[in-house]
Amino acid sequence: MLVVFTGWIGMVIAPGHLHPVLAATAILCITVAAGASGAINMWYDRDIDAIMRRTRSRPLPAGRMDPAEALGFGVVLALLSVLVMALAVNYVAASPLAIAIAFYVFVYTVWLKRRTPQNIVIGGAAGAFPPMIGWAATTGDVSLVSLSLFALIFMWTPPHFWALALVKNGDYKNAGVPMLPVVAGDLATKRQILVYTVLLLPVSLAPCALGFASLAYAAVAAAMSLAFIGFALRLLRDAQNRTAMKLFGFSLLYLFVLFAALIADRALGLA
């Protein structure tokens, strides 16, 4: 849902106009591509999904679906989503859509996830493409503004996911997935969360620095980023990690509020 939401935001705030039917087609393609990537990921990870409590009820480890059918389902949907985006909308939007699918499947799922604690840092780029795809669907190009939205989600992903990983540490340890809390411990993870939340502050202000957003957006982004840093500081001092899920929940609100602020900014003509 977050992928679809940020893709839609990129489409709406971009300069220009896209026919409603084509806009709906572009959103459908992003949605299908996200589902296809998830299906292939679950096919590849069905062995470790069966070990972890939060994933063992998925269709493959639970035995409700044949692995070959799941793989075929994912591959066909992935190819169709890119093909329809290219033919119905434009090739510029189809290109980052294809890259996002390939990055999530081959770079994150196959290469990084089981090999390095930096899996979510590098692999998180896959989830940062949607606003760029939406922007390209409307404008037919990729601009610095769309790249700044990519950077915002890219920097947001590690603290968002590591907060959850602190809570699900036992699951990842049992499955042999080298998430940062498993490899480096809780304290090092919380320090990294703080580093990324601090770095997120200037990145969140980039649309304003590029002249695309107003000072009103900058005020909202700064306030939300400072609150994010506050949660990270509380988590750093929390030996029981009780703040982790609160930070995880706030991270979702954070991204929603910033993108909603961009929508309001454009709608009100403030920038």
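Colleague: How many salt bridges does a search of the whole structure find?

Modeller: The search finds five, a salt bridge being a side-chain nitrogen of Lys or Arg within 4 Å of a carboxyl oxygen of Asp or Glu. This is a predicted model, where local features need pLDDT of at least 70, side-chain atom pairs count only at pLDDT 80 or more, and totals for chains, interfaces and linings use all residues. Residues are numbered from 1 along each chain as its sequence is written, and side-chain values use heavy atoms, leaving out hydrogens and water.

Colleague: Which residues are linked in a network of salt bridges?

Modeller: The network links D45, D47, K113 and R114. Within it, D45 and R114 meet at 2.9 Å, N to O. D45 sits in the loop between α2 (20-44) and α3 (46-49), 69 residues apart from R114. Helices here are DSSP runs (H or I, at least four residues), numbered from the N terminus.

Colleague: Is D45 buried or exposed?

Modeller: D45 is buried, at 0% relative accessible area. Buried means under 20%, exposed over 50% and partly exposed in between, with a 1.4 Å probe and protein chains only. R114 is partly exposed at 29%.

Colleague: And D47, what does its side chain meet?

Modeller: The side chain of D47 meets R114 in a salt bridge of 2.8 Å, N to O. D47 is partly exposed, at 42%.

Conventions
Helices (H or I, at least four residues) and strands (E, at least two) are DSSP runs, numbered from the N terminus.
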